[in-house]
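Open the model in your viewer and keep the selection tool at hand. The tour goes stop by stop.

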Amino acid sequence: MGRIKAIIVKEFLHILRDPRSLTIVFAIPLIMIFILGYSISYDLNRVDAALVDLSQGRLSRQLGRAFAASPFFVVRMRSEDGRGALSLAQAEDLLRRGRVREIIVIPADFARRLSATGRSEIGLVIDGSDVNVANLVYQYGERVLMDFIAAMTGAGQVLRIGTKVHFNPEARSQFFFIPGLVAVILLMISAMLTSLSVARERETGSIALLFISPLRSREIVVGKTIPYILVALLDGAFILLFARFWFGIPLRGSLLVLLVFALLYIVSGLSLGILISTSAPTQRVAMLATMLSTLLPSILLSGFIFPLDSLAPVLRAISYVIPATYFLRIIRGVVLKGAELRHFLFEGGMLIGLSLLLLAVASRKFNRQRKAAQ
Amino acid sequence: MSGPPPAIAVRSLSKNFGRFPAVRDISFDVGREEIVGFLGPNGAGKTTTIKMITGLLKITSGTVWIDGLDSREHPAAIKRKLGYMSQKFSLYPLLTALENIEFFGGISGLAPAQVRRQAARLQEEVSPVILRQKVQDIPPGIRQKVALFVCLLPGPEIILLDEPTSGVDPEARRRFWGEIYGLKTGGKTLLVSTHNLDEAEYCDRILIIHNGVIVAEGEPGELLRIRKQATIEDLFQAAIRDHGQD
């Protein structure tokens with residue numbers, strides 16, 4: 001125990017005195033959450049749309065005003081020189097140039113067919129080059145049209161859909177992404193702390209003195225992990241507080257529950273870092289390898305952006321061994337839904353399993369590397 | 001009746017890095033309470049050999065015995081006998097000298113009180129103020145002294161010093177060799193690598209290594225006499241030349 005304590009004290013002193021370690025711990029998460037928190041979003045505000053009114057009647061103008069009044073669209077109805085109504089060709093040109101995302105086409109016989117047959121058609125031409133944006137534009141357009149029809153026919157008095165969105169009533173995608181970002185960043189920072197620590201020892205040559213000391217490999221691994229658990233927990237709390245007060249992300253569940261799961265999650269990250277460090281000859285390589293092996297899988301394959309159901313079976317199988325997959329569900333559940341410990345027994349079990357597995361593999365590989373020299 | 005085994009016995013030791021042979025079939029002994037100088041230019045194979053002896057580098061072929069124990073069969077027992085000071089001193093630059101001493105004492109299993117007692121000895125020689133400075137801020141000569149002190153903390157019988165005098169001034173070098181002498185008289189065995197050929201005069205015996213091969217071995221004065229050379233530098237050049245002609 002005395003030997004492990006010596007490593008713990010040394011690591012703490014090093015963290016406190018090394019500006020690079022402190023930058024990794026506090027500045028990188030802050031920069032990442034700030035940039036990604038604002039840049040990753042499903043929200044579309046004020047989409048540019050072109051309205052081609054071939055009908056030029058009272059009803060079509062009403063519809064044009066409905067689109068213009070909606071909070072979703074900035075509607076352009078006049079040609080670029082402002083001399084007349086926008087033609088279909090001009091609108092298509094705007095769509096091709098990316099100046100508008102959608103063209104709303106009101107046909108010439110719109111009012112006549114509606115009064116004659118009670119039916120008519122409106123065309124929505126959507127820029128499909130970005131599928132996510134196209135889907136949102138379609139939904140927004142449909143919503144404006146539904147409201148317009150309901151107002152016009154009085155259908156709204158007969159049938160109303162009572163919708164209540166739980167946990168995120170304003171449907172802010174930041175509420176969805178930022179807790180996920182906390183998970184992604186925490187894994188990266190945890191892994192980076194240990195991978196850099198071991199790689200630094202290798203670079204300076206001090207690892208040789210550890211290797212020829214009576215220390216057992218598992219003592220080195222445990223001694224290097226314990227101080228960083230505390231540092232990473234502190235870091236996690238720091239990121240969460242920033243998310244809470246800067247982005248207004250609510251914390252509806254128990255902080256203690258989150259802390260328990262975060263502890264398991266951090267151990268998996270720290271073990272992963274030690275595993276990476278066994279193959280990294282320098283700090284630079286360790287940093288790059290850690291970023292690649294934590295950021296890519298936890299962003300792409302954990303459910304952070306894409307639902308796991310949409311992944312190919314092979315990728316979905318990989319997602320089961322990514323710690324972020326489980327912690328993402330936990331943090332979103334605790335933060336947004338106020339979920340409790342009992343709701344995440346499976347995820348907690350998986351995190352324990354992954355942490356133990358990674359810790360065992362890291363210790364074994366570290367030990368093998370040490371013995372390979374002998 | 002045979003006497004005790006040599007402190008270090010190296011037989012047919014080789015190390016290849018890929019296809020590059022860094023050390024080629026070398027054999028030598030280091031006797032007890034002897035200072036053996038391991039001389040050669042940079043890249044000659046000194047550090048590689050020392051790392052194989054300490055167990056830090058895997059041996060390609062050959063055998064190393066430490067105090068009669070095969071290094072591959074008794075790594076743990078050998079660790080207790082060996083002290084190693086690396087070329088870069090390998091202290092933690094952001095920790096103070098005292099913190100380094102406490103750390104290395106701690107991982108060697110020494111009780112904190114024991115470490116403090118030993119550190120007090122160093123404080124008699126080096127100002128306590130300096131020992132409380134970060135290692136990165138103290139002069140190379142003191143750093144070297146602290147590194148040696150750390151190496152000696154667990155009380156090893158056999159000490160391997162890899163280029164301990166590189167980067168320190170001549171006065172510090174001279175003082176350092178004085179300390180090495182003190183260790184020898186205290187019963188320690190020392191293998192000291194250096195590329196400073198003038199340091200051969202401090203050694204009981206020298207090994208000259210070039211391109212991974214030992215090209216001369218013996219007591220410095222005797223080697224000079226046999227090879228009819230005036231200085232170690234001349235001896236070194238002649239040994240390399242003769243070896244090249246073999």
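**Before you start**

This is a predicted model, in which local features need pLDDT of at least 70, side-chain atom pairs count only at pLDDT 80 or more, and totals for chains, interfaces and linings use all residues. Residues are numbered from 1 along each chain as its sequence is written, while chains are lettered from A and ligands numbered from 1 in the order in which they are written.

Helices (H or I, at least four residues) and strands (E, at least two) are DSSP runs, numbered from the N terminus.

**Stop 1: the chain A sheet**

Select the strands of chain A in the order β2-β1-β3-β4: these 4 strands form an open sheet with mixed pairing. Strands pair here if DSSP finds at least two bridges between them. At the edges sit β2 (73-76) and β4 of chain A, each pairing on one side only. From one strand to the next, the twist averages 25°. Angles run from 0 to 180 degrees between N-to-C directions, and axes are lines fitted to C-alpha atoms, for helices over the stretch in contact.

Now select β3(A), residues 102-106. Is this strand mostly covered or mostly open? It is mostly covered, with 4 of its 5 residues buried. Buried means 20 or more other C-beta atoms within 10 Å of the residue's own, exposed means 12 or fewer, and partly exposed lies in between; C-beta atoms are placed from the backbone.

Look at the partners of β3(A). With β1(A), residues 47-53, it pairs in the parallel sense over 5 bridges. A:Val52 stands opposite A:Val105 there. With β4(A), residues 123-126, β3(A) runs antiparallel, joined by 4 bridges. Here A:Glu102 faces A:Ile126 as its opposite residue.

Contact means that the C-beta atoms of two residues, placed from the backbone, lie within 7 Å.

Then pick A:Gln56, in the loop between β1 and α3 of chain A. Most residues other than glycine have a negative phi. A:Gln56 has a positive phi, near 55°. It counts as partly exposed because it has 13 C-beta neighbours inside 10 Å.

**Stop 2: where the chains meet**

Show both chains. In the interface, 24 residues of chain A contact 23 residues of chain B. On the chain A side, α1 (2-17) and α9 (206-211) each supply at least two residues. The largest share, 9 residues, comes from α1(A). By class, this side has 12 nonpolar, 7 polar and 5 charged residues. Ala, Val, Leu, Ile, Met, Phe, Trp, Tyr, Cys and Pro count as nonpolar, Asp, Glu, Lys and Arg as charged, and the others, Gly among them, as polar.

Select α1(A) and α3(B) together. They pack at about 150°, with axes 7 Å apart. That makes α1(A) roughly antiparallel to α3(B). The cut-offs are under 35 degrees for roughly parallel, over 145 for roughly antiparallel, 65 to 115 for roughly perpendicular, and oblique for the rest. The contact divides into 5 nonpolar, 2 polar and 4 charged residues.

**Stop 3: α3(B) from its other partner**

On α3(B), show B:Ala97, B:Asn100, B:Ile101 and B:Phe104; they meet B:Val146, B:Phe149 and B:Val150 in α6(B). This contact has 6 nonpolar residues, 1 polar and no charged.

**Stop 4: the chain B sheet**

Select the 6 strands of the open sheet β6-β7-β8-β3-β9-β10 in chain B, where pairing is mixed. Its edge strands are β6 (82-85) and β10 (213-218), each pairing on one side only. β6(B) runs parallel to β7(B), residues 158-162, with 4 bridges between them. B:Met85 stands opposite B:Leu161 in β7(B).

**Last stop: B:Asp25**

Find B:Asp25 in β2(B), residues 20-30. Its phi is positive, about 50°, although it is not a glycine. With 14 other C-beta atoms within 10 Å, B:Asp25 is partly exposed.
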